[in-house]
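Hi,

Here is the structure I promised to pass on.

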Amino acid sequence: MDLKSLIAEMTLDEKLQLLTGKNNWETVGIERLGVPSIVVSDGPHGLRKMVREEDGSYKTLKSTCFPTASAMSATWNPELAYQVGECIAEECQAENVDIILGPGVNIKRTPLCGRNFEYFSEDPYLAGEMAAAYINGVQSKDVGTSLKHYAANNQEYDRHHISSEVDTRALREIYLKPFEIAVKKSKPWTVMCSYNRINGVYGSEHKVLLDDILRKEWGFDGFVVSDWGAVWDRAKSLKATLELAMPYDEKHFGALKKAYEEGKITDEEIDSALERFLTIVFRAYNARSKRVKEYDADKHHEVAKKVALESITLLKNEDNILPVNKSKVKKLAIIGEFAAMPIIQGGGSAHVQSTKVDTPLEKIKHLAQKEGIEVEYAISMSVPSHSQYNQNTALTVAENADQVIMFVGNRNHVEGESHDRTSIRLAPDIENAILQVSRRNPNTVVVIQAGSAIDMSCWIGKVKGVVFDWYSGQAGGSAIAEILFGVHSPSGKIAETFPLCLEDTPSYDTYPGDGIVSWYKEGIMVGYRYYDTFEKPVLFPFGHGLSYTQFEYSDLKITPDVANENDEITVSLSIKNIGHVQGKETVQLYVRDMCSHVLRPYKELKGFVKVDLEPGEKKEISFKLNRDAFAYYSTAVDDWHIEGGLYKILIGASSQDIRLTGTIKISAE
Ligand code: GLC
């Protein structure tokens with residue numbers, strides 16, 4: 001039976017029930033018509049399936065806890081995001097889940113946002129590419145995804161009401177762009193609208209965003225689901241083409257019924273919504289026959305480790321203090337409770353019950369023993385007890401060691417859903433611990449477990465090494481140990497700028513808004529677009545990350561050197577590993593409009609390639625650029641537009657470490 005005939009068989013009540021969730025995690029089924037109920041569950045960095053207990057309480061089933069999105073994007077490796085998607089899809093199949101509620105692609109407008117650990121980047125191109133790969137991985141196994149939170153949900157503070165006041169160019173070029181890339185490259189089964197308002201209109205009622213842009217312009221062919229409790233006026237949301245209000249709430253059914261009786265919503269609006277919704281419901285249902293009944297948890301753990309290995313970012317390595325040098329280090333001090341009890345993820349709806357956890361301490365001890373290095377562990381004085389015993393022990397251990405590795409970070413309550421950070425510094429007791437330990441041993445390395453940028457200014461000059469470990473999931477302990485001991489060279493690069501202080505951030509004077517609006521005054525100047533255009537110093541620039549080896553860039557070629565706006569342009573270059581160990585390098589391509597008549601950022605990321613090179617190995621890599629690399633959103637013509645003129649191509653190891661440059665002339669009317 002085709003969907004139109006099926007819908008024609010339904011009573012009005014049945015139709016309206018279908019558009020109103022059944023409970024927290026299921027949609028309504030209609031047995032007499034063979035309409036199945038489907039199951040959704042959170043992600044995005046692991047399956048969080050909630051099951052109801054006898055006593056009515058909910059518990060979360062165990063699943064693989066992968067590195068969170070901010071770690072995943074620090075790999076700059078979409079193939080890894082695809083593999084994570086495949087694994088999560090297998091776990092969804094085994095636990096009878098049809099759609100995973102992820103990925104989150106909201107732009108990191110402020111480093112304070114509590115859910116930055118769940119989001120990819122401050123750059124829309126990188127965020128969109130990583131999200132598309134994750135979605136393609138999940139959906140390759142006939143499990144659905146929910147691209148979220150659409151749109152401009154860039155803070156947790158007052159997220160249910162605040163209106164993100166965003167100008168057209170910033171909305172199009174920054175905040176919608178990751179959704180556009182992901183919808184066009186991976187066709188997510190669903191998109192989840194956000195709680196907040198966008199220029200005064202709730203995400204759940206925003207017809208321009210949900211219908212005109214998402215569907216008609218980008219070709220989205222799935223259904224829109226609300227964030228949980230994000231629907232305020234169910235009739236308005238239906239007219240805006242939001243198909244499914246979650247979770248179940250009786251008032252939504254009543255509101256639809258009343259609106260229909262008052263002629264405010266039509267049969268056509270109801271039936272077309274049902275057709276879009278049921279297309280996905282049956283796609284999910286028909287895929288159930290291909291489900292695996294169980295998954296290989298060890299294999300998934302290894303994938304989680306692979307991602308963690310490529311996400312770990314070496315920010316500072318003075319005197320090449322890393323990797324640990326067994327000819328210099330006979331006694332290694334490991335200090336900090338995060339070594340024994342790592343923080344592997346942030347808090348909130350994304351929190352996963354991991355199948356197991358590798359701790360850095362156990363893995364470091366294992367590798368150190370093989371190197372004949374003695375390890376002494378001391379819980380840092382930053383533990384809440386602040387006991388004098390802890391202080392003395394940690395400092396004594398530090399003093400007596402050849403090298404110290406401190407494990408610090410943001411505890412779960414600091415980075416999580418429904419609240420933002422109030423500072424981007426580490427907790428005072430942790431900062432104090434770093435200062436005290438580094439005073440007793442200059443050979444101190446700090447490993448940070450956190451989900452977003454940290455202001456390290458008050459202590460970074462006192463330590464020789466800094467490694468950003470992200471929230472690296474359940475296998476992060478073995479990954480960080482192998483990086484610290486040089487089993488692998490670090491290859492992560494930060495996908496968000498680390499500012500010198502919060503006051504330097506472009507959103508500082510308008511975040512979190514006045515309780516009614518959050519005014520995105522900085523416009524398109526978000527992240528490195530701001531710092532690089534206005535030459536503001538930062539602690540670490542977007543795209544920064546060191547290796548244990550070095551790379552040489554050469555032979556830049558841009559063809560053709562004069563092009564029409566619709567031509568494909570090829571940019572190629574050679575990259576050589578000129579060091580002594582194997583390493584991976586992410587080569588970044590930025591574009592600058594040299595003679596724009598409108599405000600444009602000094603550079604914008606428009607390509608990246610990660611390459612693996614043995615010592616002495618040289619490879620040629622190339623980028624294919626289309627009009628998206630040069631266009632901006634013109635409010636004059638309300639469309640993407642390319643100006644004729646000269647453009648600079650910048651090839652960098654980070655947004656500020658530019659190694660090669662070239663130009664290309666674009667002719668456009
Ligand atoms: C939450 C989150 C969303 C999540 C949903 C279901 O409020 O904003 O990301 O998928 O509700 O838990």
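This is a predicted model: local features need pLDDT of at least 70, side-chain atom pairs count only at pLDDT 80 or more; totals for chains, interfaces and linings use all residues.

Residues are numbered from 1 along each chain as its sequence is written, and side-chain values use heavy atoms, with hydrogens and water left out.

Let's start with the ligand. It has 13 residues around it, and the closest are Asp 42, Arg 115, His 149, Tyr 195 and Asp 227 (near means a heavy atom within 4 Å). By class, that shell holds six charged, five nonpolar and two polar residues (Ala, Val, Leu, Ile, Met, Phe, Trp, Tyr, Cys and Pro are nonpolar, Asp, Glu, Lys and Arg charged, and the others, Gly among them, polar). Polar contacts here are pairs of N or O atoms within 3.5 Å. Oxygen atoms of the ligand sit 2.7 Å from a polar side-chain atom of Asp 227, 2.8 Å from a side-chain N or O of Arg 115 and 2.9 Å from one of Lys 148. Taken alone, the ligand exposes 310 Å², and the protein buries 94% of that (Shrake-Rupley areas, 1.4 Å probe).

Now the pockets. A pocket is an open set of points on a 1 Å grid over the protein atoms alone, where a 1.4 Å probe fits, with protein on both sides within 12 Å along at least five of seven lines; lining residues have an atom within 4 Å of a point. Volumes are the space filled by probe spheres set on the points, which are joined across faces, edges and corners.

The largest pocket holds about 670 Å³. Its lining has 30 residues, with Tyr 125, Glu 129, Ile 181, Asn 626 and Asp 628 nearest the centre. By class, 14 are charged, 13 nonpolar and three polar. Domain 1 (3-290) and domain 3 (551-667) each contribute at least three, with bounds from an automatic or database assignment.

The second largest pocket has about 330 Å³. Of its 20 lining residues, Gly 545, Leu 546, Ser 547, Thr 549 and Gln 550 lie nearest the centre. This pocket lies between domain 2 (297-533) and domain 3 (551-667), because both give residues to its lining.

Cheers

Methods. A polar contact is a pair of N or O atoms within 3.5 Å; within protein, one must be able to donate a hydrogen and the other to accept it, and residues adjacent in sequence count only if both atoms are side-chain atoms.
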